[in-house]
Each structure stands twice: as C-alpha cells, then as structure tokens.
Amino acid sequence: MSGIIVGVDGSGHSQRALAWAMHEAAVRHVPLTVLTVHEAVRGYYSGMAIYPDDPARTEDARAAAQAETDKVLAGLDGPHPESITVKAVHGFPVEELINAGKDADMIVVGSRGAGGFTQLMMGSVAGQVAQHAYCPVLLVPTENRS
C-alpha cells in the first residue's frame, strides 16, 4: 500500500490521528488507507486462534472504521484526500500495521488509544510500530497534554 496508512480503533485519540492523516494525504496528494484490526486471540503456541465469528467481527470493525472515517471527513476543514480506502483485517495490531506500512510513505497512529487496538500507548502498539516499521511513523499526541 503506498501513501499514508492510519490505524484507527474508535477512540478519540485515533480520531485525532485520522484527521491529521487526512489533512496530510490531501496536502501530499497521496492515497489514504484507514486500517482497523479485529484483534486475534493468541493460540496455545502463540499462533493465531481462529473462531467462527471472526469474519463477522472483522466486518463489524470495518463498518465502525467507515463510520469513524465518514464522521472525521465531514468535519474536516480544508482540502480532502483524493482517495480513501477503509480496510479491516483480523490479526495482531502491531504486525498488521507494520506489514501494511512496508510500501507506505508513512504510518500514522495515536499515541494512546482504546478499543480494537487495545491501548495504543508508547509501551504498546504505537511504540512497537514506531520501533519496527519499514517507513516513517508519526505519533499524534493526545489533545490535552499537561
């Protein structure tokens, strides 16, 4: 995926990251991919456990990410991205974001979060993505930093 990848999880922090990524994609004239992850459960030997309702839950996550994208896009001032793709996958958030960013120009994530990405905090998903990504990673800070 070329362009900008933004990880969303439904939190206010990911909405800030999404708004920033939309603005940046518009300014750079690059496609934006909004990625959400229906988090997999680790199996007995650290592999992925598969459950019958995983495809339905992944689609629910995609629909929620689409609604979040539509909401942020509607409130966006200024230019809009030329292309936005909303994608949901079933897997492990760190791995999925890193893999999605292999050919990307940039990955954008909130410095904190909740929901589908479980706690996007520096010691968790955001920090691991920043350390292991193949492309630059932008961490959008929380709004009220004291």
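**View A. Gly7 has Leu35 as its bridge partner in strand E2.** The model shown is predicted: local features need pLDDT of at least 70, side-chain atom pairs count only at pLDDT 80 or more, and totals for chains, interfaces and linings use all residues. Residues are numbered from 1 along each chain as its sequence is written, and side-chain values use heavy atoms, with hydrogens and water left out. Helices (H or I, at least four residues) and strands (E, at least two) are DSSP runs, numbered from the N terminus. Two strands are said to pair if DSSP finds at least two bridges between them. Strands E1 and E2 pair in the parallel sense over four bridges. Both faces of E1 are covered: Ile4 and Val6 lie on one side, Ile5 and Gly7 on the other, and all are buried. Here, buried means under 20% relative accessible area, exposed means over 50%, and partly exposed lies in between (1.4 Å probe, protein chains only).

View B. Of the 146 residues in the protein chain, 45% are buried. A contact is counted when heavy atoms lie within 4.5 Å. Among contacts between residues at least 6 apart in sequence, 77% join residues at least 24 apart. The protein chain exposes about 7500 Å², and carbon and sulfur atoms supply 51% of this area. Accessible areas come from the Shrake-Rupley method with a 1.4 Å probe; for residues, only the protein chains shown count as cover.

**View C. Five strands form an open sheet in the order E5-E2-E1-E6-E7, with parallel pairing.** Strands E5 and E7 stand at the edges, each with a single partner strand, so one side of each has no neighbour in the sheet. On average, neighbouring strands of this sheet are turned by 25° against each other, direction ignored. For this angle, axes are lines fitted to C-alpha atoms (for helices, over the stretch in contact), and angles run from 0 to 180 degrees between N-to-C directions. In general, strands of a sheet pair through backbone hydrogen bonds, either parallel or antiparallel. Strands E2 and E5 pair in the parallel sense over eight bridges, and Glu39 has Gly91 as its bridge partner in E5.

**View D. Strand E6 (residues 106-110) is mostly covered, with five of its five residues buried.** Met106, Val108 and Gly110 point one way from E6, whereas Ile107 and Val109 point the other way. Strand E1 (residues 4-7) is joined to E6 by three bridges, and the two strands run parallel. The bridge partner of Ile5 in E6 is Ile107. Four bridges link E6 to strand E7 (residues 137-140), again in parallel. In E7, Leu138 stands opposite Val108.

**View E. Helix H1 has 17 residues and reaches 24 Å from its first C-alpha to its last.** This span is close to the 24 Å expected at 1.5 Å a residue; the expected span of a helix is 1.5 Å times one less than its number of residues. Buried residues of H1 include Ser14, Leu18, Met22 and Ala26. The buried residues of this helix pack against E1, E2, H2, E5, E6 and E7. Just after H1, His29 takes a positive phi of about 60°, although His29 is not a glycine. His29 is found in the loop between H1 and E2, and counts as exposed at 54% relative accessibility.

**View F. Helix H2 (residues 54-74) has 21 residues and spans 30 Å from its first C-alpha to its last, close to the 30 Å expected.** The buried residues in H2 are Asp54, Thr58, Ala61, Ala65, Glu68, Thr69 and Val72. Seen down the axis of H2, its buried residues fall within an arc of 100°, so they line one face of the helix; the arc is that of the directions from the helix axis to the C-beta atoms. These buried residues pack against helix H1 (12-28) and strands E2 (32-39), E4 (48-49) and E5 (84-91). The face turned away from the buried side carries the exposed residues Pro55, Asp60, Lys71 and Ala74.

**View G. Asp60 is placed in helix H2.** With 52% relative accessibility, Asp60 counts as exposed. Asp60 and His38 are 22 residues apart in sequence and 8.7 Å apart in space, C-alpha to C-alpha.
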